Amino acid sequence: MATITGAQIIAKSLKQQGVEYMFGIVGIPVIPIAAAAQREGIKFFGFRNEQAGSYAAAAIGYLTGRPGVCLGVSGPGMIHGIAGMANAWSNCWPMILIGGANDSYQNGQGAFQEAPQIETARPYAKYAARPDSIARIPYYVEQAVRHTIYGRPGAAYLDFPGDIISGQVEEDTVAFTPRCPDPNRPMAPETAIEDALAALKSAERPLVIVGKGAAYARAEDEVREFIEATQLPFLATPMGKGVVPDDHPLSAAPARSHILQNADVIFLMGARLNWMLHFGVPPRFSDKVRVIQMDIEPEEIGTNVPTEVALVGDAKAITGQLNAALKKNPWQYPAETTWWTSIAAKIEENRKTTEEMMADESVPMTYYRVYRDIRELLPRDAIIQNEGASTMDIGRTMMPNFFPRHRLDAGTFGTMGVGLGQAIAAAAVHPDKKVVCIEGDSAFGFSGMEVETAARYGMNITFIIINNNGIGGGPDTLDPARIPPSAYTPSAHYEKMAEIYGGKGFFVTQPDQLKSTLEEAMATEKPSIVNIMISARSGRKPQQFAWLTR
Ligand SMILES: Cc1ncc(C[n+]2csc(CCOP(=O)(O)OP(=O)(O)O)c2C)c(N)n1
Ligand SMILES: [Mg+2]
């Protein structure tokens with residue numbers, strides 16, 4: 001009779017449940033899990049820190065709709081992976097953290113790397129469990145996958161003691177659980193569809209806000225059809241960008257402050273009224289703003305501002321319902337309104353200021369000057385990873401997205417350090433596309449060592465560091481006796497990290513070298529690192545120091 005190990009059952013179950021990617025670091029007792037996963041055809045990426053691996057696993061969930069896995073050893077390894085679980089919890093992305101654990105017969109004895117692991121994972125987990133036997137591993141794996149993708153997506157934790165991983169059972173005692181189907185797509189009642197459309201029709205200054213929930217639900221075709229059928233102005237949240245292309249004529253994004261402040265009805269399509277949308281309250285919104293809210297999670301309805309019409313369910317299905325209703329009874333928001341006139345004026349104003357800032361050829365350069373060249377060289381279907389404070393805020397407005405799920409950033413949790421892991425996840429899912437990882441010098445430092453990981457797996461990533469010597473900028477020279485908390489080594493040569501793997505690093509200080517350097521870097525076979533010095537005093541357009549005043 002054939003026997004099978006716990007590790008083999010874990011790997012087979014993950015594969016059966018549609019898990020294709022695993023990130024992490026091996027050691028006792030999880031080495032056999034990684035080895036078995038590779039044998040099952042799961043792509044394993046060895047990282048330099050589980051934290052970055054856990055960010056990669058969550059990004060896989062967002063990009064593919066099935067969870068990525070982060071694998072960590074007991075104790076410190078799984079603890080590092082909590083960072084990604086928390087990020088996934090906040091972003092509502094599917095991921096599974098798998099932690100090794102001490103042999104169960106040593107519990108409480110002060111075993112090697114023994115820790116309260118399930119308790120640590122629990123607050124961020126939709127599901128956290130330790131299998132009670134080897135034969136029942138498939139049941140637990142299926143439950144973990146199911147919880148990450150059903151309802152509001154999120155994180156799960158599975159805890160595997162060494163004796164469960166290495167133990168063996170007779171193969172025919174193991175019942176492999178069938179693949180958990182993709183989530184169904186709950187629809188809204190027809191009365192709610194009618195109410196939503198009636199509320200939009202009653203609006204003088206309507207605004208559609210497209211969130212990453214719509215991107216996750218693959219609702220891009222339906223949302224675009226809806227926007228075009230109704231001719232409503234729309235704005236995307238940072239990772240909602242690209243669900244409808246940023247260059248769409250109905251995009252009101254460059255007038256963001258104006259439209260948020262003056263809209264009388266907002267339609268949230270998979271976007272939450274949390275801090276990213278200033279909670280939907282004055283002074284950033286009208287105190288009379290009426291809300292139509294589409295969300296997969298019933299508990300989200302009415303958060304911070306009472307909801308007038310709730311559309312609880314799947315963004316793709318419900319937007320399809322709205323489109324069907326509009327086909328029966330067509331309606332368009334008029335093209336000639338004072339609302340559109342005011343939006344157009346703000347967009348034009350914004351275009352002028354931005355163009356002036358982009359034209360600034362001073363040395364050191366400004367963010368806008370740097371982004372002018374980056375934007376020109378980005379392929380239309382590039383996947384943009386963008387992280388930092390001003391580096392990210394300005395990058396969001398300066399780099400357009402034309403496709404859904406093509407922008408990854410610090411997200412709802414505002415997590416610095418997600419960048420390299422997320423870029424690696426994007427390159428793993430889309431080896432055919434260019435991934436451009438644009439990082440503030442501080443943001444880059446959190447997981448900078450993962451450039452070696454990207455190079456090792458031959459990934460098509462270009463790393464660009466926008467360097468102002470620190471967190472929101474630092475001095476040009478340092479007095480060792482008085483180093484400001486936000487400062488890093490001035491003009492640090494981060495690009496030299498490319499030498500680790502025989503890649504190419506570039507250091508740019510002059511605006512007239514920037515474009516040709518970026519071009520060369522984007523074309524190299526191994527990932528390149530371009531380190532661009534900018535002025536520590538460069539910032540956003542005056543009125544908008546959102547991050548500093550937060
Ligand atoms: C994990 C984590 N630690 C710390 C912070 C606080 N923080 C916000 S932005 C930022 C870095 C900003 O500097 P940089 O990446 O260089 O971008 P810049 O604004 O200078 O362009 C930090 C450390 C955070 N958001 N997340
Ligand atoms: Mg910086």
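Guide: Helix α17 contributes the most to the shell around ligand 1, namely four residues. Helices are DSSP runs of H or I with at least four residues, strands are runs of E with at least two, and both are numbered from the N terminus. The model is predicted, so local features need pLDDT of at least 70 and side-chain atom pairs pLDDT 80 or more, while totals for chains, interfaces and linings use all residues. Residues are numbered from 1 along each chain as its sequence is written, chains are lettered from A and ligands numbered from 1 in the order in which they are written, and side-chain values use heavy atoms, without hydrogens and water.

Visitor: How many residues surround ligand 1, and which are the closest?

Guide: A residue is near a molecule if one of its heavy atoms lies within 4 Å of it. Here 18 residues surround ligand 1, with Y367, S390, T391, G414 and D441 the closest. At least two shell residues come from each of α15 (390-398) and α17 (441-446). By class, seven shell residues are nonpolar, ten polar and one charged; Ala, Val, Leu, Ile, Met, Phe, Trp, Tyr, Cys and Pro count as nonpolar, Asp, Glu, Lys and Arg as charged, and the others, Gly among them, as polar.

Visitor: Which polar side-chain atom lies 2.7 Å from an oxygen atom of ligand 1?

Guide: A polar contact is a pair of N or O atoms within 3.5 Å. The atom in question belongs to D441. From the backbone, a polar atom of S390 is 2.8 Å from a ligand 1 oxygen, and an N or O atom of S442 is 2.9 Å from one. The protein buries 77% of the 590 Å² that ligand 1 exposes when taken alone, with areas from the Shrake-Rupley method and a 1.4 Å probe.

Visitor: Why is helix α16 described as largely enclosed?

Guide: Buried means under 20% relative accessible area, with a 1.4 Å probe and protein chains only. Eleven of the eleven residues of α16 (residues 419-429) are buried, so the rest of the structure largely encloses this helix. Among them are L420, Q422, I424 and V429.

Visitor: What share of the whole protein chain counts as buried?

Guide: Of its 550 residues, 60% do. The chain holds 20 helices and 19 strands. Its C-alpha atoms fill a box of roughly 80 × 65 × 40 Å along the principal axes. With contact meaning heavy atoms within 4.5 Å, residues 24 or more positions apart supply 76% of the chain's contacts with a separation of 6 or more.

Methods. A polar contact is a pair of N or O atoms within 3.5 Å; within protein, one must be able to donate a hydrogen and the other to accept it, and residues adjacent in sequence count only if both atoms are side-chain atoms. Buried means under 20% relative accessible area, exposed over 50%, partly exposed in between (1.4 Å probe, protein chains only).
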